[in-house]
Structure formats: structure tokens, C-alpha cells
Amino acid sequence: MSQSSGAAGIESFYLEARTIEPPVGFRERALVADRDIYARAEADWEGFWAEQAAELLDWFEAWDTILDWKLPFARWFIGGTLNVSHNCLDRHVAAGRGDRVAFHWEGEPGDTRTITYADLLEEVERFSNVLESLGVTRGDRVAVYMPMIPELPVAMLACTRIGAVHSVVFGGFSSEALRDRIVDAEAKVLVTADGGWRKGAAVPLKANADVALEETPSIDHVVVVRRTEVDVEMRSGRDRWWHELMADARRHRVPEPMASEDLLYLLYTSGTTAKPKGIMHTTGGYLTQVAFTHKYVFDLHPEEDVYWCAADIGWVTGHSYIVYGPLANGATSVLYEGSPDFPTRDRWWSIVEQYGVTLLYTAPTAVRTFMKWGSEEPAKHDLSSLRLLGSVGEPINPEAWMWYFEHIGGGRCPVVDTWWQTETGAIMISPLPGVTTLKPGSATTPLPGIAAEVVDDAGKKVAEGGGYVTITRPWPAMLRGIYGDPVRYRDTYWSRFEGRYFAGDGARIDDDGYFWFMGRVDDVMNVSGHRISTTEVESALVDHPSVAEAAVVGAKDATTGQAIIAYVTLRGGHHASEEHGQSLRRHCATKIGPIARPKTIVFTDDLPKTRSGKIMRRLLRDVAEGRDLGDTTTLADASVVEEIRARAQAAPSEE
Ligand code: PRX
């Protein structure tokens, strides 16, 4: 751990005294209105999860063993077989719910599509046949690089239907990021689109993909959805149009029975090194926990609710809570392609009003942005359909929590702050809205069946106070490993504290046992709810021919949670300037994606180092956040920091 703040040094940002009880009207109709569920789950947690698996999902064959646990490898529901697309689609249609809307889709330009469960099933079956016609079989990896259009969930579900493994790459990632992910997964087919709409402009996905495809020998075919109708190059023999393939595809395809532990998908996420990790999720346990959490954390009444998770499917939130959880539960969702301020800053609120959204799930960074835009934007619309609000991705500060509660929820909607990770697959620590007393800024307590503890540096449980968040036993949706790297899996998550999964987060636990998350304690930044590693941005910077050395830290930011601050030393012959800063930002966008552009670049002749030459990031973070410097006695040259501080104050920041 490079951050030198030990457990005792983790400061507690949020000390909130306010509590909010579940509104009476909400509690009366809530699926969970009794706290007994916690004790029942604790008494037999394996049995509890087996009960959920049986109740929430359709299995072709029942399992014979609930859990096999050989740390760090867990296998759930062994012997059981099921199919994810069958659980998300066929069984709802067979039960007479084919006419229920699965997605109210709204494109950024204002075009819309209403997709029922029956429609979705038909598209998924056809695309399953398309994938097979392109040579994809069970176990093959399919890369997906798409905008937020209905074809994206169709492609994912079609993979699950035939037992192929999808690897969705967020559409905001660069060609190089896409290439690295395709290469690591050895994907056979890429599904993409000509482009997608973002703030009124067409994002050129196919053109980006073409650059990646220069160096992806595993890809045999590329399927391209026509969305923006920009000109794209179609390489003959390799590239095919989605609409042409679909028009010719057979209508039916039976769902492949998959073993509970068969690989469902890979999702790459940033770790503490420059190489992203391919997080592996499997079938039965994952679907059980996403269905369970989606149903009970959001108190889903599928016949009446209109649910909207405003994340991008390219991140885990979208996988679990736009695609798999809601569809497994037969929910009706809103799917929106574009930006919240296009054409105006009330776009979301007009969507809530238009579709009568009842459950809204978004990120604190969005809430803080809306705060900045002012409460008059939501006030333009009737938001009275809302009955529950969710938050995910980063700590939500009490002020933003209260604004969300009051100005979006009208003071009547519980706010569920849900803590989880790409690795956990599903929500772990969160209120159950019918029974949990809320404290603005706290994710409250672990869900039934989940065991989490805060520990100190030595791995000893902290009953009250600050420390490291750990999970003390396996859970159904947990990652099964890092693709191709079991050693890194064990080292990253299971070696810091014996017998425990280490999440990489710091939290304070209060006298009610509530968790107050305080952000990452490793070299992972969280910018607008997007996970980026400091090392990844550093290696993008030093890849630039003018850069000799770079150190990157995440500094607190009022809107984005954290902002990327880069300290850069240039090679001889290169000069610091605002323009040069811009070219370095562009370089980061090219290497990783626009989300990796540093907000501030501080050019400096030297970086603060220990005598052994290690960069002291803690000091750089102190400088970036304007704090007095902590212990500087280990610095090789103390004058360096003063110099950097002066330059940091003068450095321009990008909005
Ligand atoms: O630091 C925690 C933060 O986001 C990290 C996980 O990022 P990612 O894998 O991209 O998944 C984001 C969506 C689940 C965590 O290690 N985080 C996520 N949710 C919360 C949070 N921090 C505080 N409170 C949350 N509710």
C-alpha cells in the first residue's frame, strides 16, 4: 500500500447525527418490512443463499452442493444448471408477461423505442443465431463496444444464451484500451456500432475500433449496428452490418444449459498497476445475488414500478442493475442513451416525468452536478412518481444526500446508498428501504447473508472507528478470479488480511455498526464514479516522448469526488506551457479515454522522493488538497516540496 496513512490515520469525513426512518407509506408496502431477515440469514447463510437461488431463478437441474470454498476460490451451486437469458426472458414470456415493457429506450436525439419482453426475446434469439453463424461457440469470448442502445443488452443476452462470454468495453474508452482488452480476452468477435450520440455529437465507435483492430489477431468478425449513420469503413470478409445479419437470422434458439460455475462475463477494471484486470463472473451465484439485491434493495414491485438506473452498461453497475438484475426480476426499465444536459439541463427530469419513473439509481457525482445546476431544473417537472432513490459508485456526502432526498425525492423517498464493486458483482452494504433507519452519508450495514468488517492495520476487527473494509466469507456474486492470472487474484484481494477479502476501501464504523465509506486506500482513484488507477495514468504520461517522470494522485473534488492531478517532469529540451499541458491531456485520452484526462498538470523539475527513490505520493496529495504537509523527515530533499507547492498553486485546471 503506497498511501502511508494507516488505519488510525484514516480521517472520518462525515459525522452525521441525522437519522431518517422509512416513511410509513413506504414501509407498509415494502417487500421487506421485518428485520428478522437479518437473523434468519445469519443463522444459516449458505442455506439463505440457496433459498434465494431457488426462489428467484429457474434451474434446469438442481445443485447438489451449495458452496465449495477453498480460499480464495469459491464455487456456488455445484451441479446446478441454468441459462441466464432463459431466466431474463423466456420464463417471463412463458408466464404470459411477454407484453410487459422491458425497456423504454430513449435516444439522445429524442427518438424512442418500446421493447417488450417478447420483442427482446426474439431479438436475442436471432442474435444468438447470428453469433453462431459467425463461428462463436460455448466458452468463446465476444467483445462489445457500444453506445447505450437496445442492441447492447441484446448482444450480451445472446452471448449468455449460447454460453459465450462477453467482455463489454465502455464506449468512452480509447482504441488502445479496447485493443488491450480484446487481446487479453482473445475475443473472436467484436460487436460495435458506427457511433453513438453524446452531447449532440456522434462518437465514432467504429472508427476507434478500426484502430484497435489493426492489432487484434484473435478477431474474426465485427458486427456493426447502424446508429449515427456516419460513414464507416467495412472491411470485406470481416465486417458485417447488424441489420443485414439479423434480417437473415433464424428466429429460434434454445437456451444452452450452463453449469452454475461457467464463466458468464469478463469486465476489465483498473487495479493498482497499469494493466487492467479482467474480472471473472460466473453464472448461478452471480444471477442469484443480482436478482436478490435488485428486488429487495430497490423494493421492486415489477407490475407497477418503472425503474431507471442511469449508469452506462459498460460499467458493472449497468451489467448488474440495467441488464441482469432487472430482467431476471421482470422489471420495466428506462434506458437512456445520452448526456444529462442535452439539449437542456432538465433532460433527466423530463424523462422521469414522461415515463413515470418510480425508482431512480445514480451516482453521487451526478447528484452533485445537478446541485450545481440548481434545484430549479428538477422543479420544472412533476417528479411525484418517484418513490425510492439509489446512489452508487463513491461515497455520497451528507449534503448531496440531503439535496437528493429533498429536491429529487420530495422528502418522501428513502435513499439507498449501495456499496459494492466490480469484484463483488452485486450490492453488499446497503439499506433495505422498508426497515433500515437511514443516516445521510452512510451506506448503513451489510445486507442479509453478507458479512463485512472494518479492521485495523493488524487485521483486528474495529468495533467503532476507522480502518479497512474486509469481507469475511464468500458471497454468491463474488469474482471468481482475474482472467489468466490466479496469482494476482490471490495477492490483490486475499493476502493483505488473512482469511479476508480486502476491498481496497477505508471506512469508519459508528456505534450502531453503520459503515461510513471514505474512499480508496490504495492507488485507485474514483473520478465521477469511474475507477482509474494512478499508475495507469502515470504510464500514459511517461509514454509521451516529452515526459521524463510523472506522479499522479487523486485529490478531493467538489463535483467529481476526486480529480486527477498530475505532477510531471519534462525531458531536457521540452518546455512547460499550457499548450503542452493540453497535449499531455490529449495523450491520456488517447491512451486510456477522456475520463483519464488530468484536471491539473503541475510541471516540476523534481518529485518528492524518499532516500530510496520512492515517490512520496502522500505529500503530493497533501499539496493537491492544500493541506499542511505531514511528516517530511524521510524526504531526500525537503526543498522540492515547497517548489512544487508554489507551482501547484499557479497551475491552471481544466473544468
Ligand atoms: O471505493 C468504492 C467505490 O467504488 C469502488 C468500486 O468501483 P467499481 O468497481 O468501478 O464499481 C462501482 C460501482 C459498484 C469501491 O471500491 N464505491 C462504490 N460504491 C460506493 C463506493 N464508495 C462509497 N459508497 C458507495 N456506495
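Y307 stands opposite S333 in β17. Let's start from that pair. Three bridges join β16 (residues 306–309) to β17 (residues 332–336), and the two strands run parallel. Strands here are DSSP runs of E, at least two residues; helices are runs of H or I, at least four residues; both are numbered from the N terminus. Two strands pair if DSSP finds at least two bridges between them.

A quick word on the source. This is a predicted model, where local features need pLDDT of at least 70 and side-chain atom pairs count only at pLDDT 80 or more, while totals for chains, interfaces and linings use all residues. Residues are numbered from 1 along each chain as its sequence is written, and side-chain values use heavy atoms, with hydrogens and water left out.

Back to the strands. Where do β16 and β17 sit? They belong to an open sheet of seven strands, in the order β5-β4-β17-β16-β18-β19-β20, with mixed pairing. At the edges are β5 (112–116) and β20 (415–418), each pairing on one side only. From one strand to the next, the twist averages 20°. Angles run from 0 to 180 degrees between N-to-C directions, and axes are lines fitted to C-alpha atoms, for helices over the stretch in contact.

Now put a helix on it. Helix α12 (residues 347–355) lies across β4 (101–106), β5, β16, β17 and β18 (359–362). Its direction is about 145° to β4. Contact, by the way, means heavy atoms within 4.5 Å.

Next sheet. Four strands form an open sheet in the order β21-β22-β24-β25, with antiparallel pairing. Its edge strands are β21 (452–455) and β25 (515–520), and each pairs on one side only. Neighbouring strands here are turned by 45° against each other on average, direction ignored. Look inside it. Six bridges join β22 (residues 465–471) to β24 (residues 501–509). I471 has Y501 in β24 as its bridge partner.

On to the domains. The chain is divided into domain 1 (24–452) and domain 2 (526–650); the bounds come from an automatic or database domain assignment. Their C-alpha centres lie 34 Å apart. The contact takes 24 residues from domain 1 and 21 residues from domain 2.

How much area is buried between domain 1 and domain 2? About 1,600 Å², of which carbon and sulfur atoms give 44%. Buried area is the accessible area (1.4 Å probe) that two parts lose on being put together, summed over both.

What holds charges across that interface? Side chains of opposite charge can pair when their charged atoms come close. A salt bridge needs a side-chain nitrogen of Lys or Arg within 4 Å of a carboxyl oxygen of Asp or Glu. The rule finds two across the interface of domain 1 and domain 2. E176 and K591 meet in a salt bridge, at 2.7 Å, N to O. On the side of domain 1 that touches domain 2, α7 (175–185) and α13 (364–373) are the elements that give two or more residues. The largest share, four residues, comes from α13.

Zoom out. The whole structure has 55 salt bridges. One of them joins the side chains of E125 and R161, at 3.7 Å, N to O. That pair links distant parts of the chain: E125 is in helix α5 (residues 117–133), R161 is in helix α6 (residues 151–162), and they are 36 residues apart.
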